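Colleague: Please take one part of this model and go through it closely. Start with its geometry, then show what surrounds it.

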Amino acid sequence: AGTRNLLFRGILLCPRRVLLSYAVTPETYESQTREDGVRQDVDLGTYLAFRGEEAVEFSIRIFNKVSYLLQTGDDHVRRSVFVVPLSYKSLLAGQDRRRFLDNIHQHPDWVRQNMILSVFRCPPTPGSSILQRFSGEFTPLFRTIDWQITDPDFAMQVFTGCHFHSLTFDMHTLRPNQRQKALTKFLQRTEDLRAMKLRPAISGVETRAELDQCLNHGVVYASGDAVTAALPSFAPAQTIELRDLPISEPTILDLGTSNAA
């Protein structure tokens, strides 16, 4: 009771033009009462910050939801990949970290092959001991780990030896007059990220112009209003035409068989 509905935000694998995966996001209360079918969500970084000490409960809810979808769905569902969010503050709190890890072990190991563990609202210069501890605990469990930052002036060398899959620049909190400068700064660092075997990613991409910049500067993953709206359902990973973006309703996609749950 009282929990928000969940929606799906598509993530584009830019080099291959594949709508590869989905972030599971909370619907706004206002959206839940609308009658026109238009859905709106709260971006995950903001929502986790809003939940504060209860953020880990939402992380566990999403893990359980994704695990349920994968275990009860058919092959079409298992062709999808989902983001499981974890707040950086939850990562620091030993009790929250243990709760999250204990919950993981209540589910089959194979479901994590279709999950991206993404740590949100990370500081630009995290402590190396924190990164090494997190890497030691979580890389054996998730083959795909994403680290999200909100400041393009982040310390890159601290990620040496962490074996993360990607680093995401989250643009959701930027004011309109900050966006272009911050985006340009991050894009100037994509080659260095790739040299460290970190795939550059950007979330909160609002316009086609921003998306084109991502495509032209080697960004591997992109999400936001320029890719898909907040969708009530998801679809298997599939190639899409850039002219069809942004996708505003799942009927445009090849949904395969029903995946509602």
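Modeller: Helix α3 covers residues 55–72, and its 18 residues should span 26 Å at 1.5 Å a residue; the end C-alpha atoms are 26 Å apart, which agrees. The expected span is 1.5 Å times one less than the number of residues. Helices here are DSSP runs of H or I with at least four residues, strands are runs of E with at least two, and both are numbered from the N terminus.

Some ground rules come next. This is a predicted model, in which local features need pLDDT of at least 70 and side-chain atom pairs count only at pLDDT 80 or more, while totals for chains, interfaces and linings use all residues. Residues are numbered from 1 along each chain as its sequence is written, and side-chain values use heavy atoms, with hydrogens and water left out.

Now the buried face. In α3, the buried residues are A55, V56, F58, S59, I60, I62, F63, V66, S67, L69 and L70. Buried means under 20% relative accessible area, exposed means over 50%, and partly exposed lies in between (1.4 Å probe, protein chains only). An α-helix has 3.6 residues a turn, so residues three or four places apart point the same way.

Take α2 as the opening neighbour. Helix α2 (residues 44–51) packs against α3 at about 130°, with the axes 7 Å apart. That makes α2 oblique to α3. Axes are lines fitted to C-alpha atoms, for helices over the stretch in contact, and angles run from 0 to 180 degrees between N-to-C directions. Angles under 35 degrees count as roughly parallel, over 145 as roughly antiparallel, 65 to 115 as roughly perpendicular, and the rest as oblique. From α2, L44, Y47, L48 and R51 meet A55, E57, F58 and S59 of α3. Contact means heavy atoms within 4.5 Å. The residues of this α2–α3 contact divide into five nonpolar, one polar and two charged. Nonpolar covers Ala, Val, Leu, Ile, Met, Phe, Trp, Tyr, Cys and Pro; charged covers Asp, Glu, Lys and Arg; the others, Gly among them, are polar.

Y47 sits in helix α2 and counts as buried, at 6% relative accessibility. Leaving out residues up to four places away in sequence, Y47 touches R4, P26, V42 and F58. The C-alpha atoms of Y47 and S87 are 9.7 Å apart, although 40 residues separate the two along the chain.

S59 counts as buried, at 0% relative accessibility. With residues up to four places away in sequence set aside, S59 touches L48, V84, P85, L86, S87 and F100.

Helix α5 (residues 94–104) is another neighbour. α3 and α5 pack at about 10°, with their axes 10 Å apart. They are therefore roughly parallel to each other. α3 passes α5 in a right-handed crossing. A crossing is right-handed if the near helix is turned clockwise from the far one by less than a right angle, and left-handed if anticlockwise. V56, E57, S59, I60, F63 and N64 of α3 meet D96, R99, F100, N103 and I104 of α5. The residues of that contact divide into five nonpolar, three polar and three charged.

The packing continues from α5. Helix α6 (residues 128–138) packs against α5 at about 15°, with the axes 12 Å apart. These two helices are therefore roughly parallel as well. The crossing of α5 past α6 is right-handed. R97, F100 and L101 of α5 make the contact with R133, E137 and F138 of α6. The residues of the α5–α6 contact divide into three nonpolar, no polar and three charged. F100 takes part in the α3 contact and in the α6 contact.

Finally, some backbone points elsewhere in the model. Most residues other than glycine have a negative phi, and most peptide bonds are trans. R17 has a positive phi near 55°; R17 lies in the loop between β1 and β2 (18–26). R17 is partly exposed, at 30% relative accessible area. K197 has a positive phi near 65° and sits in the loop between α8 (190–195) and β7. K197 counts as exposed, at 69% relative accessibility. A cis peptide bond joins L245 and P246, with omega about 0°. P246 belongs to the segment after β9 (238–239).
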